[in-house]
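Student: Before we start, I would like each label tied to its cut-off. Can we go through the model that way?

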Amino acid sequence: MKKILILNGPNLNLLGVRETSIYGAQDFETYFSTLKSKYDIVELSYFQSNTEGFIIDKLHEVGFEFDGIVLNAGAYTHTSVAIADAIAAINTAVIEVHISNVHTRETFRHHSYLAKNCIGVICGFGLDSYRLGIEALLAR
Ligand code: DQA
């Protein structure tokens with residue numbers, strides 16, 4: 001069984017409540033259980049933190065063991081050299097995902113510190129961005 005982690009960063013615990021016109025009305029736990037039931041060939045796990053260091057700790061923890069990580073680092077995407085360095089330090093392939101199309105939004109969201117250390121970026125497909133991230137990992 002392939003082991004894949006979905007790793008969510010700050011404010012993504014508020015999905016379903018937060019800016020629903022941008023991020024949708026569904027909470028992540030409900031989406032995650034539906035997603036999990038779609039894949040019997042994947043051991044899918046999920047972790048969310050609002051804290052940069054905890055996201056880095058999780059990357060270190062699974063990054064030498066898991067087959068893939070689907071990472072939505074939220075706003076840390078646009079600010080965090082430390083998360084970029086953690087992705088570079090581990091062996092596991094990381095896919096950067098975003099729910100919204102960050103390129104249609106404020107210019108500060110157009111740059112990602114993480115993308116160059118990821119195998120690819122998926123954005124703009126709502127929560128389906130996570131499923132597409134898993135498909136991209138499985139297709140490798
Ligand atoms: C986001 C986009 C980021 O710019 C933002 O800070 C988020 C969510 C997305 O999934 O669309 O928190 O990563």
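Tutor: Start with R109, which sits in the loop between β4 (93–98) and β5 (120–123). The model is predicted, so local features need pLDDT of at least 70 and side-chain atom pairs pLDDT 80 or more, while totals for chains, interfaces and linings use all residues. Residues are numbered from 1 along each chain as its sequence is written, and side-chain values use heavy atoms, without hydrogens or water.

Student: Why is R109 called buried?

Tutor: Its relative accessibility is 16%. Buried means under 20% relative accessible area, exposed over 50%, and partly exposed in between, with a 1.4 Å probe and protein chains only. R109 therefore counts as buried.

Student: What makes the pairing of the R109 and E106 side chains a polar contact?

Tutor: The distance is 2.7 Å. A polar contact is a pair of N or O atoms within 3.5 Å; within protein, one must be able to donate a hydrogen and the other to accept it, and residues adjacent in sequence count only if both atoms are side-chain atoms. The R109–E106 pair is listed as such a contact.

Student: Which residues does R109 touch, not counting residues up to four places away in sequence?

Tutor: R109 touches H78 and V102. Contact here means heavy atoms within 4.5 Å.

Student: How do you know which residues surround the ligand?

Tutor: A residue is near a molecule or strand if one of its heavy atoms lies within 4 Å of it. The residues around the ligand are R18, Y23, N72, G74, A75, H78, H98, I99, S100, V102 and R109. This shell divides into 4 nonpolar, 5 polar and 2 charged residues. In that count Ala, Val, Leu, Ile, Met, Phe, Trp, Tyr, Cys and Pro are nonpolar, Asp, Glu, Lys and Arg are charged, and the others, Gly among them, are polar.

Student: Where do the polar side-chain atoms of R18, H78 and R109 lie relative to the oxygen atoms of the ligand?

Tutor: For R18 the distance from a polar side-chain atom to a ligand oxygen atom is 3.0 Å. For H78 the corresponding value is 2.7 Å, and for R109 it is 2.9 Å. Taken alone the ligand exposes 320 Å², and the protein buries 99% of that. These areas come from the Shrake-Rupley method with a 1.4 Å probe; for residues, only the protein chains shown count as cover.

Student: What puts the buried residues of α2 on the same side?

Tutor: The buried residues of α2 (28–38) are F28, Y31, F32 and L35. They cover an arc of only 100 degrees around the axis, which puts them on the same side of α2. The arc is that of the directions from the helix axis to the C-beta atoms. These residues pack against β1 (2–8), β2 (42–48) and α5 (128–139). At the start of α2, a side-chain oxygen of D27 comes to within 3.3 Å of the backbone nitrogen of E29.

Student: Which residues are buried in α4?

Tutor: In α4 (81–89) they are I83, A84, A86 and I87. Their arc is only 160 degrees around the axis, which puts them on the same side of α4. They pack against α3, β3 (68–72) and β4.

Student: How do you know that S80 caps the N-terminal end of α4?

Tutor: A side-chain oxygen of S80 lies 3.5 Å from the backbone nitrogen of A82.

Student: Why is A84 called buried?

Tutor: A84 has 3% relative accessibility and therefore counts as buried. A84 and L114 are 30 residues apart in sequence, yet 4.7 Å apart in space, C-alpha to C-alpha. Not counting residues up to four places away in sequence, A84 touches Y113, L114 and N117.

Student: Why does K58 count as buried?

Tutor: Its relative accessibility is 16%, so K58 counts as buried. K58 is in helix α3 (52–62). Beyond four places in sequence, K58 touches L5, L7 and F47.

Student: What is the phi of N11?

Tutor: It is near 75 degrees, a positive value in a residue other than glycine. Most residues other than glycine have a negative phi. N11 is in the loop between β1 and α1 (20–23), and with 37% relative accessibility N11 counts as partly exposed. E19 lies in the loop between β1 and α1 and has a positive phi of about 30 degrees although it is not a glycine. With a relative accessible area of 44%, E19 is partly exposed.

Notes:
Helix = DSSP H or I, 4+ residues; strand = E, 2+ residues; numbered from the N terminus.
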